[in-house]
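Visitor: Please take one part of this model and go through it closely, giving the cut-off behind each term as you use it. I would like to follow the charged pairs and the packing beside them.

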Amino acid sequence: MQPNFTHFGPTVSNRLKLARRAIAAKDWVHALSELITAAREESRNAEVHNLLGNSQRKQPAEAEKHLAVLEQLNGNKTCEEHVDLAQALSDYRAKNPG
């Protein structure tokens with residue numbers, strides 16, 4: 001008989017809620033911690049990559065990686081998460097040229 005392993009700790013959904021609260025409080029370290037863990041648990045979750053990219057837009061190269069993952073996951077550039085992250089990245093670059 002195989003052992004029944006139960007998932008302990010927050011679910012990805014709970015981690016997203018915690019990350020949103022941390023983002024609202026501008027607690028980027030906590031937000032990134034929750035999101036990175038969520039990405040490990042659900043690497044194909046578009047919402048996780050959207051929030052990760054938005055949280056990392058001050059590091060455009062990192063945000064671009066999540067933009068590429070979103071395009072790959074959804075097969076297009078028109079999903080809400082991709083459009084949202086692309087706009088946030090564009091806004092950041094416009095305010096911070098160079």
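**Charged pairs and helix packing**

Guide: Glu-34 is buried, with a relative accessible area of 9% (buried means under 20% relative accessible area, exposed over 50%, and partly exposed in between, with a 1.4 Å probe and protein chains only). This is a predicted model, in which local features need pLDDT of at least 70 and side-chain atom pairs count only at pLDDT 80 or more, while totals for chains, interfaces and linings use all residues. Residues are numbered from 1 along each chain as its sequence is written, and side-chain values use heavy atoms, with hydrogens and water left out.

A search of the whole structure turns up five salt bridges (each a side-chain nitrogen of Lys or Arg within 4 Å of a carboxyl oxygen of Asp or Glu), and in one of them the side chain of Glu-34 meets that of Arg-15 at 2.7 Å, N to O. Glu-34 belongs to helix H2 and Arg-15 to helix H1, residues 12–24, so this pair ties together parts that are 19 residues apart in sequence; helices here are DSSP runs of H or I with at least four residues, numbered from the N terminus.

A second salt bridge brings the side chain of Glu-41 to that of Arg-15, at 3.7 Å, N to O. Because Glu-41 lies in helix H2 and Arg-15 in helix H1, the pair ties together parts that are 26 residues apart in sequence.

Salt bridges that share partners join Arg-15, Glu-34 and Glu-41 into one network.

From H2, the residues Trp-28, Leu-32, Leu-35, Ile-36, Ala-38 and Ala-39 meet Val-48, Leu-51, Leu-52 and Ser-55 of H3, where contact means heavy atoms within 4.5 Å. The residues of this contact divide into nine nonpolar, one polar and no charged.

Ser-55 lies in helix H3 and is buried, with a relative accessible area of 11%. Leaving aside neighbours within four places in sequence, Ser-55 is in contact with Ile-23, Trp-28, Leu-32 and Leu-35.

Between H2 and H3 there is a loop, and Arg-44 has its place there. With 63% relative accessibility, Arg-44 counts as exposed. Arg-44 and Leu-73 are 29 residues apart in sequence, and their C-alpha atoms are 6.6 Å apart in space.

Terms used
Helix = DSSP H or I, 4+ residues; strand = E, 2+ residues; numbered from the N terminus. Nonpolar A, V, L, I, M, F, W, Y, C, P; charged D, E, K, R; others polar.
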